[in-house]
Amino acid sequence: MSLSRRSFLASTALLAGAAALPRFSWAQGAPAPVAGGVLTAHLSSEQRILNPALRASTGVYVITSKIIESLVDLGPDGAPTPVLATRWEAAADGKSVTFTLREGVKWHDGKPFTSADVQYSAMELWKKHLNYGTQLQRYLEAVDTPDATTAIFRYSRTMPLPLLLRALADLGYVVPRHLFEGTNVLENPANTAPIGTGPFKFVEYQRGQYIVAERNPEYWRKGEPYLDRVVWRFITDKSAASAALETGQVQISAYTQLALSDIERLAKDSRFEVSSRGNEANSFNNTVEFNHRRKELADVRVRRAIAHAVDVDFFVENFLYGRGKRATGFIPSISQAFYPGGAFPYPFDTKKAEALLDEAGYPRQKGGERFSLRLLPILNGEDVPQFATFLQQSLAEVGIKVEIVQLDVAGALSAIYKDWNFDLATGWHQYRGDPAVSTTVWFRSGSPKGAPWTNQFGWESAEVDTLIDDAAAEIDPVKRKALYAQLVDVINEELPVWFATERQFVSVTNKVVQNHHNIPRWPSSDWHDTWIAK
Amino acid sequence: MSLFLFALRRLATSIPSLLIILVGVFLLLQLAPGDTVDALLAQMGGGDAQIIETLRHFYGLDAPVAVQLGRYLLRLVQFDLGYSAIYGKPVIDVIVERLPVTLLLMGASLVVAVSGGVALGVLAARRVNKWPDTLISTLGLVFYATPSFWLGLMAVVVFAVKLGWLPPGGFEEVGAGYQGLTRALDIARHMALPTITLSLIFLATYLRIMRASMLEVSSLDFVRTARAKGVDETKIVTHHVLRNALLPMLTLIGLNASTMLGGSVVVESVFTLPGLGRLAYESVVQRDLNTLLGIVLLSAVLVIVVNFIVDLLYARLDPRIRAKGH
């Protein structure tokens with residue numbers, strides 16, 4: 001109760017503050033925003049669907065968050081701030097959350113935005129179709145709409161308000177009910193020509209080339225946005241993308257979509273800001289997944305030996321240009337609400353690794369080899385094949401022969417998560433603000449076969465399952481943090497999956513862009529206050 | 001009329017090969033692990049099992065392979081290429097959007113490669129073993145040996161990034177709303193670097209063939225006869241030698257039509273052109289079978305058409321072929 005009261009007060013205070021201040025005065029000392037201009041952003045892959053209520057992925061957010069709005073966003077301090085919802089309050093029993101919605105908001109097609117839209121989006125899209133949304137809203141029973149500006153989310157199990165709010169920044173985008181109701185939502189034309197309430201209106205999607213959105217003159221934040229247009233250009237080739245930045249064809253490339261070497265080069269160019277600022281809400285890890293069906297890997301000593309055998313610091317320094325660090329657990333240090341602290345559990349120590357392998361009963365054979373493993377890299381990042389090679393060479397040092405099996409992303413996902421045909425896998429995990437959103441599914445047993453990035457590793461622990469379930473439903477934030485700290489300890493001890501590094505995405509931004517990266521998920525936010533210096 | 005019948009017959013005989021190609025590609029792609037839903041999940045960053053099942057059903061991937069193939073062929077005979085899983089619209093629409101860019105790139109490159117190759121080849125042959133020949137032949141060798149992605153990247157670095165003369169990529173200025181001639185010039189500016197990149201490797205081949213073929217024809221009896229009769233040297237080159245030397249070139253151009261389509265994948269990626277090559281690549285990565293098969297079908301048709309045109313030109317250049325009849 002005390003918590004919901006606090007966040008309620010915080011949100012109203014923020015609102016009052018925003019209303020009291022005249023438009024430009026908040027940026028004192030900084031130049032006043034200038035209206036006009038086109039901001040062009042780089043995107044490395046085409047998007048099939050432009051509906052963030054149907055598809056939770058950064059590629060979708062980067063585009064649609066300017067067009068479609070969420071109930072809440074994250075403020076500069078990382079706390080949830082109002083967007084379409086102006087206030088929220090959790091009931092004392094933790095089983096319902098009441099959202100008060102913004103008045104006078106219109107869809108881009110002129111129809112009014114009401115609680116019916118929120119109800120429809122939550123029940124029909126987030127709960128039924130949205131990846132990670134189905135997980136988050138599993139216990140959502142109904143959304144009551146007593147009036148046009150109130151939406152009451154009712155849960156059959158306690159729902160921690162901070163979890164819901166943090167998750168809704170990504171999983172709480174609202175789409176217009178009047179366009180989706182009674183249609184096949186997967187085939188709805190509004191999935192590729194989105195209609196939202198946001199600062200920019202969708203104009204056109206030229207396949208293979210660009211997407212254009214233009215200023216919404218009826219946007220509810222009066223006087224904003226400043227930009228006339230936002231353009232997203234699809235540039236698949238990394239070198240071509242950095243050439244486009246250097247020639248001014250695009251001004252922003254977020255989410256580490258450029259080659260790491262180009263990022264380092266552009267960091268020395270005074271025209272660009274290259275940093276992780278404004279990406280704090282999106283940290284990610286290099287992971288090592290073990291197939292516990294292999295008898296060697298089912299032995300925790302072997303898993304620990306593997307972690308000891310890899311010099312993560314060396315990898316970060318030499319392959320990632322120092323952009324990252326070793327992880328002390330599955331919760332990244334950037335996560336203020338949950339990070340339990342602690343030391344790196346498996347320091348680089350080949351002697352210890354060898355001792356553990358000997359102890360586990362896998363002595364070096366003739367030729368120095370203990371056993372061999374097949375490693376499948378999931379190539380969703382430039383550094384993944386490098387990490388795979390690094391693993392291969394590190395493990396060779398301690399007598400484990402690693403054969404790398406090269407498949408493209410679709411092939412690797414299918415081999416690992418559908419066919420369980422792997423010994424080791426390596427790829428990325430993305431932390432989404434709260435461990436309950438997409439992290440704990442990596443450890444929770446009982447995941448149906450074929451769901452990527454869930455526990456398909458054959459590892460089971462009743463203790464961990466209970467901890468995960470309890471933590472997801474705990475409404476006292478202090479107890480919740482303690483439960484996750486306990487979970488971090490167990491996972492570090494048992495090492496079912498190894499989160500080797502923790503990293504943040506890097507954005508390259510041309511310095512003509514102003515007010516950029518001022519909130520922790522800026523590349524995925526609405527850019528309402530962004531402008532371009534002439 | 002006979003030409004029309006000839007065309008029809010040629011096209012009819014190519015239908016079985018088209019079918020074999022399509023079924024082959026269909027089956028080959030079945031061997032690749034992962035389907036379009038796996039690719040989609042990779043883009044989404046995951047999803048739960050129920051969503052995955054719904055999507056597989058939505059794309060018809062839960063049916064056995066034979067049924068899927070049957071469905072595809074059944075649609076094909078109704079001239080329906082199916083629905084693209086990446087773009088959420090009919091494959092034919094997606095392809096028609098992309099086709100002009102690739103045709104423009106291929107057409108322009110072919111013109112540059114052929115005209116440049118013929119000119120330089122003739123020049124080299126006329127000055128054989130003198131310095132122009134050495135220079136041209138060396139350049140040809142360099143172009144032939146350099147991979148086109150590297151050439152493309154270097155062109156971008158030099159002409160776009162360092163000198164700022166030409167745009168580094170894209171088909172036209174995004175959303176500039178140019179019309180008519182301004183738009184044509186804008187597109188021409190954007191196409192300059194990709195065209196040169198794609199054409200250089202072919203130019204090098206044509207140059208070498210042209211040079212060799214010119215030298216060979218020059219030594220034949222009828223040229224010697226013409227020369228003995230005192231025919232003007234320019235006339236000998238254009239009428240007697242060039243005409244005959246062009247024949248092997250034509251064969252090569254016909255064969256190159258498909259190679260060029262393959263080369264355009266690289267060039268379109270480097271210069272971010274929205275063409276068929278990139279679409280094909282994307283379709284493979286995304287396991288968008290319908291789109292890929294559509295492109296394969298179209299490319300096959302394209303190659304058949306180009307070869308058909310080459311055959312006609314052949315007949316025009318060498319009356320003996322026409323005389324023998326088809």
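Modeller: Let us begin with Gln137(A), which counts as buried because its relative accessibility is 0%, where buried means under 20% relative accessible area, exposed over 50% and partly exposed in between, with a 1.4 Å probe and protein chains only.

Colleague: What should I know about the model itself?

Modeller: This is a predicted model, in which local features need pLDDT of at least 70 and side-chain atom pairs count only at pLDDT 80 or more, while totals for chains, interfaces and linings use all residues. Residues are numbered from 1 along each chain as its sequence is written, chains are lettered from A and ligands numbered from 1 in the order in which they are written, and side-chain values use heavy atoms, with hydrogens and water left out.

Colleague: Back to Gln137(A), where does it lie?

Modeller: Gln137(A) is in the loop that runs between α4 (133-136) and β6 (140-144) of chain A; helices (H or I, at least four residues) and strands (E, at least two) are DSSP runs, numbered from the N terminus.

Colleague: And which residues is Gln137(A) in contact with, leaving aside neighbours within four places in sequence?

Modeller: With those neighbours set aside, Gln137(A) is in contact (heavy atoms within 4.5 Å) with Trp126(A), Lys127(A), Tyr155(A), Leu164(A) and Leu168(A).

Colleague: Changing topic, how many residues of chain A and chain B are in contact?

Modeller: On chain A there are 50 residues in contact with 52 residues of chain B. The two chains bury about 4,000 Å² between them, 57% of it on carbon and sulfur atoms, and buried area here is the accessible area (1.4 Å probe) that two parts lose on being put together, summed over both.

Colleague: How many salt bridges are there between chain A and chain B?

Modeller: The count is four, taking a salt bridge as a side-chain nitrogen of Lys or Arg within 4 Å of a carboxyl oxygen of Asp or Glu. One such salt bridge joins the side chains of Lys418(A) and Asp35(B), at 3.9 Å from N to O.

Colleague: Which elements give two or more residues to the side of chain A that touches chain B?

Modeller: They are β9 (210-215), β10 (229-234), α7 (238-246) and α14 (409-418) of chain A, and α14(A) gives the largest share, six residues.

Colleague: Which residues of chain B does UniProt list as "transmembrane region"?

Modeller: The unreviewed UniProt entry lists several spans, including residues 103-123 and 135-161 of chain B; such annotations may be inferred rather than shown by experiment, and their positions are given in the numbering used here, with feature names shortened. In the model, residues 103-123 of chain B are 100% helix and 0% strand, with the end C-alpha atoms 29 Å apart.
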